[in-house]
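Me: I want to learn how the words used for a structure are tied to numbers. Please show me one and go through it with me.

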Amino acid sequence: YLQARISQVAYLGQKLKEYGVPIQEPTGGHAIFVDAKKFLNKLPKEQFQSQTLGIELYLEAGIRGVEIGAILADRDPITRENRYPALELLRLAIPRRVYTNNHMDYVAVALANVYERRNSITKGVRIVNEAPIMRHFTVELERV
């Protein structure tokens, strides 16, 4: 089972690399991490690159990813300023025994489609409402 899962993640990673999609390497055993900072390099960090990429992928093909970036990093507890981590990632987790390589092909093509139009993605999102802690669970966003 473990070998099959790791192989499937590697398969998706290889497909994404073939399309030129910037990912973190080596690929992991459970997920692919797309480098949103490289992917949407024209988008200001204040417009949440990882979250914007996740939204674009969902709109493109109904595929959900998880933002691992500034929204997850939350605000500094003293200054309340946003923290901007060195990496902005979109995590694509591969659930156990659910998907086939045909599904991975679908994910790869969808992300490649978004990558093809990346230069036209010039506006991200801003926070409208957030919880005082752990905002990534309930944050409300709007397009800039």
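Reply: Start with how the parts are named: helices (H or I, at least four residues) and strands (E, at least two) are runs assigned by DSSP, and they are numbered from the N terminus. Keep in mind that the model is predicted.

Me: What makes Y99 buried, exposed or partly exposed?

Reply: Its relative accessible area is 39%. Buried needs under 20% and exposed needs over 50%, so a value in between is called partly exposed. Y99 is therefore partly exposed.

Me: Which residues is Y99 in contact with, leaving aside its neighbours within four places in sequence?

Reply: They are Q8 and M104. Contact requires heavy atoms within 4.5 Å. The C-alpha atoms of Y99 and Q8 are 9.0 Å apart, although 91 residues separate the two in sequence.

Me: How do you know whether M104 counts as buried or exposed?

Reply: M104, which is in helix α5, has a relative accessibility of 1%. That is under the 20% limit, so M104 counts as buried. Apart from residues up to four places away in sequence, M104 touches Q8, Y11, L12, I94 and Y99. M104 and V9 are 95 residues apart in sequence, with 8.5 Å between their C-alpha atoms.

Me: Why do F39 and Y115 count as an aromatic pair, and which kind of pair is it?

Reply: Their ring centres are 4.9 Å apart and the planes make an angle of 70°. Centres within 6.5 Å count as a pair, and planes over 60 degrees apart count as edge-to-face, so this pair is edge-to-face. The structure holds one aromatic pair. F39 lies in helix α2 (residues 36-39) and Y115 in helix α5 (residues 101-116), so the pair ties together parts that are 76 residues apart in sequence. Both residues are buried.

Me: What lies over the face of Y115?

Reply: R118 does, at 3.8 Å from the ring centre. The distance limit for a charge over a ring is 6 Å, and 3.8 Å is within that limit.

Me: How do you know that β1 and β3 pair?

Reply: At least two bridges are needed for two strands to pair. β1 and β3 share five bridges, in the antiparallel sense. In one of these, D35 has L89 of β3 as its bridge partner. Strand β2 and strand β3 (residues 89-93) also run antiparallel, joined by three bridges. Here V66 is partnered by R91, and I68 by L89.

Me: What makes β1 and β2 edge strands?

Reply: The open sheet has the order β1-β3-β2. β1 (31-35) and β2 (66-68) each pair on one side only. Neighbouring strands of the sheet are turned by 30° against each other on average, direction ignored.

Me: How is the packing of helix α3 against α5 described?

Reply: Two packed helices are described by the angle between their axes and the distance between the axes. For α3 (residues 49-61) and α5, the axes come within 9 Å and cross at roughly 115°. The crossing is right-handed. On the α3 side the contact involves L53, E56, L57, E60 and A61, and on the α5 side Y106, A110, L111, N113 and V114.

Me: Why is R135 called buried?

Reply: R135 has 0% relative accessibility, which is under 20%, so it counts as buried. This residue lies in the loop between β4 (125-129) and β5 (140-143). Its contacts beyond four places in sequence include D74, R75 and E130.

Me: Is the peptide bond from E25 to P26 cis or trans, and how do you know?

Reply: Its omega is near 0°, and the bond is cis. P26 lies in the loop between α1 (2-18) and β1.

How values were computed
Residues numbered from 1 in each chain as written. Predicted model: local features only at pLDDT ≥ 70, side-chain atom pairs only at ≥ 80, totals over all residues. Heavy atoms only, no water. Phe/Tyr/Trp six-rings, centres within 6.5 Å; stacked < 30°, edge-to-face > 60°. Buried < 20%, exposed > 50% of the residue type's maximum accessible area, 1.4 Å probe, protein only. Lys NZ or Arg CZ within 6 Å of the ring centre and 35° of its normal. Axes fitted to C-alpha atoms, helices over the stretch in contact; angles between N-to-C directions. Left-handed = near helix turned anticlockwise from the far one by under 90°.
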